[in-house]
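These are my notes from looking through one model. I wanted its confidence, fold elements, ring pairs, salt bridges and surface written down in one place.

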Amino acid sequence: MTNRLLGPLGHIIRSKLGALRCSQKAVFFIAKPNNADLAVLRELIETGKIRPVIDRRYELREIADAIRYMGEGHTQGKVVITL
C-alpha cells in the first residue's frame, strides 16, 4: 500500500532501506565524455599505459550465470557479456 501512495518515492525509499542490510555498495555515475577526453583515453590504451581488467566473459545466453557470479561478490575486474 505504501508503494501506491508514494509512487516512485516509495520504491527509492525501499531500495535505500534494503541497501542498509547489504554489505556491498554500488556506485552509479553518468559520464559525459568529449572528443578530447576520448582521444587521451585512446592514446593511453594504445600505448599500453592502461588496460581494462576483465575477470570473466559470458555469452548473452549465460547472462543468468554472469549475474549470479557478480552477486557472489568475488569479481576482480569487469564481467563482459558477449552479444
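The entries below go from the whole chain to single side chains.

**Entry 1: ground rules.** I am working with a predicted model, in which local features need pLDDT of at least 70 and side-chain atom pairs count only at pLDDT 80 or more, while totals for chains, interfaces and linings use all residues. Residues are numbered from 1 along each chain as its sequence is written, and side-chain values use heavy atoms, with hydrogens and water left out.

**Entry 2: confidence.** I looked up pLDDT, the predictor's confidence in each residue, from 0 to 100. The protein chain averages 79, and 65% of the residues score at least 70. Helix 1 (residues 2-6) has the lowest confidence, with a mean of 48, and strand 1 has the highest, at 95.

**Entry 3: elements and contacts.** I took helices (H or I, at least four residues) and strands (E, at least two) as DSSP runs, numbered from the N terminus. The protein chain has four helices and two strands, in the order α-α-α-β-α-β from the N terminus. I then checked contacts, meaning heavy atoms within 4.5 Å. Of the contacts with a separation of 6 or more, 21% are between residues 24 or more positions apart.

**Entry 4: burial and surface.** I call a residue buried under 20% relative accessible area, exposed over 50% and partly exposed in between (1.4 Å probe, protein chains only). Of the 83 residues in the protein chain, 7% are buried. Accessible areas come from the Shrake-Rupley method with a 1.4 Å probe; for residues, only the protein chains shown count as cover. The accessible surface of the chain is about 7,900 Å², and carbon and sulfur atoms hold 60% of it.

**Entry 5: aromatic rings.** Rings of Phe, Tyr and Trp (its six-membered ring) pair if their centres lie within 6.5 Å; planes under 30 degrees apart are stacked, over 60 edge-to-face, and the rest tilted. I found one aromatic pair by this rule. The ring centres of Tyr58 and Tyr69 are 6.5 Å apart and the planes stand at 45°, so the pair is tilted. Tyr58 sits in strand 1 (residues 54-59) and Tyr69 in helix 4, eleven residues apart. Tyr58 is buried because its relative accessible area is 10%; Tyr69 is buried too, at 9%.

**Entry 6: salt bridges.** I required a side-chain nitrogen of Lys or Arg within 4 Å of a carboxyl oxygen of Asp or Glu. How many salt bridges does the structure hold? I count three.

- Arg42 bridges to Glu46, with the closest N and O atoms 2.9 Å apart. Both lie in helix 3 (residues 35-46), four residues apart, about one turn of the helix. Arg42 is exposed at 55%, and Glu46 is exposed at 57%.
- Asp55 bridges to Arg56 at 3.9 Å, N to O. Asp55 is partly exposed at 24%, and Arg56 is partly exposed at 40%.
- Arg68 bridges to Asp65 at 2.7 Å, N to O. These two are three residues apart in helix 4, so about one helical turn separates them. Asp65 is partly exposed at 38%.

**Entry 7: nonpolar patch.** Patches take residues with over 30% relative accessible area and no salt bridge, joining like charges within 9 Å and nonpolar side chains (Val, Leu, Ile, Met, Phe, Trp, Tyr) within 5 Å. Leu60, Ile63, Ile67, Met70, Ile81 and Leu83 make a nonpolar surface patch of about 590 Å². Helix 4 (residues 63-71) gives the largest share, three residues. Ile81 is in strand 2 (residues 78-82) and is partly exposed, at 30% relative accessibility.
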